[in-house]
Amino acid sequence: MSEPILQASDLVRHFRVGGGLLSKGVTVRAVDGVSLDIRRGETFAIVGESGCGKSTLARLLMRLLSPTSGSIRFEGKEISELGGRPLRDLRRDMQFIFQDPFSSLNPRMSVGRIVGEPLETHEPDLDAAGRRARVAELLRLVGLRAEHTVRYPHEFSGGQRQRIGIARALASGPKLLIGDEPVSALDMSVQAQVVNLLEDLKRDLDLTLVVIAHDLAVIRHMSDRVAVMYLGQIVESGPTDTVFSQARHPYTLALLSAIPEPEHGRTRTRIALSGEPPSPSDPPPGCRFHTRCAFARDECRVRSPELRAARDGHLVACHFWQDIAAAGEGFTPDPVAPHRPNVERRFDLYRAASLNRKTTPKAAQNTSP
Ligand SMILES: Nc1ncnc2c1ncn2[C@@H]1O[C@H](COP(=O)(O)OP(=O)(O)OP(=O)(O)O)[C@@H](O)[C@H]1O
Ligand code: SF4
Ligand SMILES: [Mg+2]
């Protein structure tokens, strides 16, 4: 097992919104106590519903945002309070790939300038010829050609624009790339090409990747380990194969059950999570998932579960994960919970989804986008 390159400990980021003369405003708990280790050379995925705090976490890890509290260590060095020159130096090692390649590229700059600009900051000793050669090399790495340097972003397709964004991110020679939905704005046919490119770059340049994606098939295909977020916290994490085949948290089970499997001529059971997630400015007490969990009991409403080891490297934040794991052996979710009228039906759906996953080989689940 390789050593951690990036570690977060009890990381918190709250945003104060609203407020004025007549009101106090509210505190949005976007990231609320996240601890994780990202290991050198791995692809680490973060998944969860919209608004659960994925982008905020990614920006914290890169120090594009400052944490409200908690620790972030890069290669063993505390970076949570870094500023000025040391923070600029850190940018060389960690780079971001944005979701929307069009809005993240300056339309008035040629590709040569877009990709070459970071070199001015990170390699100030390069002369113009050296910079041109480096830009050509970076474009080649991402599958573009040297003559593309004189063109502008609007002259490229969406996939090519994302390649330009990746070339720009590589210009400083980073050790770690964080992609926030790096392929979700692209056509399905192009997504697989960009996913493959990221995997090739990771291998050839010894990179560590952190990928945020809502497409579970992309995550399953790309990542070595995955963290599942709900309302600003990690509820389950572990090796991707383990989490996908033996998920223990009811929220993960619900997410996984929605993977489509069109090539098998059947549709995976889709579990509709009831209602919207609660607001991160007013998270429920106890387990934050209890308002939507088919398995919730009284204890869940008052006591918050910690993220604990289920087995080697597989962590789960649920009081009753063992009961849920034994679902096939007769565990019955609390049948009298008044706010969950269809508990039994949903329980059957969870179980069916879980059995489906056990009988479907991994290769078949890797629906390349
Ligand atoms: N700058 C900000 N000011 C106030 N609230 C913010 C800010 N940035 C994020 N939030 C809030 O924090 C919560 C988490 O947002 P975040 O963008 O991290 O979620 P996400 O998981 O990336 O969602 P999505 O999948 O839609 O991109 C949301 O409620 C969001 O509205
Ligand atoms: S702790 Fe309770 S409410 Fe939370 S996920 Fe587990 S069973 Fe559901
Ligand atoms: Mg986001």
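Mentor: Happy to! Ligand 1 is surrounded by 13 residues, the closest being Phe15, Ala30, Ser50, Ser55 and Thr56; a residue counts as near if its C-beta atom, placed from the backbone, lies within 6 Å of the molecule. Two or more residues of this shell come from each of β1 (4-17), β2 (26-39) and α1 (54-61), and α1 gives the most, with three. Here helices (H or I, at least four residues) and strands (E, at least two) are DSSP runs, numbered from the N terminus. By type, the shell around ligand 1 holds six nonpolar, six polar and one charged, where Ala, Val, Leu, Ile, Met, Phe, Trp, Tyr, Cys and Pro count as nonpolar, Asp, Glu, Lys and Arg as charged, and the others, Gly among them, as polar.

A word on the source: this is a predicted model, where local features need pLDDT of at least 70 and side-chain atom pairs count only at pLDDT 80 or more, while totals for chains, interfaces and linings use all residues. Residues are numbered from 1 along each chain as its sequence is written, and chains are lettered from A and ligands numbered from 1 in the order in which they are written.

Ligand 2 also has 13 residues around it, with Cys287, His290, Cys293, Cys300 and Cys318 coming nearest. Its shell divides into ten nonpolar, three polar and no charged.

Now to Val210: leaving aside neighbours within four places in sequence, Val210 is in contact (C-beta atoms, placed from the backbone, within 7 Å) with Ile38, Phe44, Ile46, Ala58, Leu61, Leu176 and Ile178.

Note on methods: Contact = placed C-beta atoms within 7 Å.
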